[in-house]
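Visitor: I would like to go through this model with a few specific questions. Please show it first.

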Amino acid sequence: MAVPEALSAIPGVRTAAQLRAPEDGQLLTVLPELAGLLPGGGLRRGSTIAVRGATSLVLALVAAATREGSWAAVTGLPELGLAAAAELGVDLERVALVPEPGAELVAVLSALVDGFDLVVLGPVPVPSQTARRLAGRVRNRGTVLLTAGPWPGADLELSVSRRRWHGLTQDGHGHLQARDVLATSRGRGAAARPSAVGLQLPGPEGAVAGGRSSGQGRRLAGVAG
C-alpha cells in the first residue's frame, strides 16, 4: 500500500523509525478554555479521546498544538469546514487531510498514527478488537487520537450538551453570534471524576470563548462532580 510513502513526503511528518518513545505524562497544549476538561490541563501523548456531540470541540482541541508546531491528520471527515477550523484556531498549514479512508481505514489510521502528533477520526464505527489494537499503537507511538464519536475503551470521553444559540430575536430574525454549551469529561485514572466547563463554541469571533460568567466553569465542575 502506498499510504505511508505519500505521507512521508509531507514536510514535518515522521516515519515510525524516527519516532521516539514519549516521555511519561508528556502533554500537548490546548486552548486555556479547554484545559479544565483534561487531566493535567493538556492532551496526554499516547491517549485516545472520544468526543460526542460536537466536531467543533474536536477541532478546538487540536488548535493550540498545531499553532505550537505539532502536526495533525484528519480522516473520515469529508465535509470538514476548513474555514471553521481556522476560526477555531487550527493552523491549517500543519494539517493533512484524508477525507475518505474507505476500506483501508485500519491501514490509513496506522500510517497516520506512525507519523503525526495528533490524529482526528470522524464518526466511523471501529470494532472493539481493532480499537484495542490501534489504541496500543497510539500508546507506543506517543500520538493523540481524537475521535468525533464513540471509541471502545477510550481513555477519556468528552461530551457537549445544553446548546443554546445567541443572536436571534424573539421573532426568529437576526444572525447567529455564539453558542453556549456545557462540555463534560469523564475517563479513567486521574480523569475518573467528571468535570464540566461552560463554553461558547463558537464564540462571537468564531473561536472558543469561556462561559458568560467568570465563575461558570468552576460552578459547573462542582455540580458535575
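Visitor: Is helix α2 largely enclosed by the rest of the structure or largely open, and how many of its residues are buried?

Guide: This is a predicted model, in which local features need pLDDT of at least 70 and side-chain atom pairs count only at pLDDT 80 or more, while totals for chains, interfaces and linings use all residues. Residues are numbered from 1 along each chain as its sequence is written, and side-chain values use heavy atoms, with hydrogens and water left out. Helices (H or I, at least four residues) and strands (E, at least two) are DSSP runs numbered from the N terminus; buried means under 20% relative accessible area, exposed over 50%, and partly exposed in between, with a 1.4 Å probe and protein chains only. Helix α2 is largely enclosed by the rest of the structure, because its buried residues number 11 of 13.

Visitor: Which residue with a positive phi follows α2?

Guide: The phi in question is near 110°. The residue that follows α2 with this value is G69.

Visitor: Which residue forms a salt bridge with D117?

Guide: A salt bridge here is a side-chain nitrogen of Lys or Arg within 4 Å of a carboxyl oxygen of Asp or Glu. For D117 the N to O distance is 3.0 Å, and the partner is R45. The pair links distant parts of the chain, 72 residues apart: D117 sits in the loop between α4 (105–115) and β6 (118–121), and the loop between β2 (43–44) and β3 (48–52) holds R45.

Visitor: Which residues are linked with D114 in a network of salt bridges?

Guide: D114 meets R137 at 2.8 Å, N to O. This pair ties together helix α4, which holds D114, and helix α5 (residues 128–141), which holds R137. D114 also forms a salt bridge with R141, with the closest N and O atoms 2.9 Å apart. The residues in the network with D114 are R137 and R141.

Visitor: How many salt bridges does the rule give?

Guide: Among them are the D117 and R45 pair and the D114 and R137 pair. The count comes to three.
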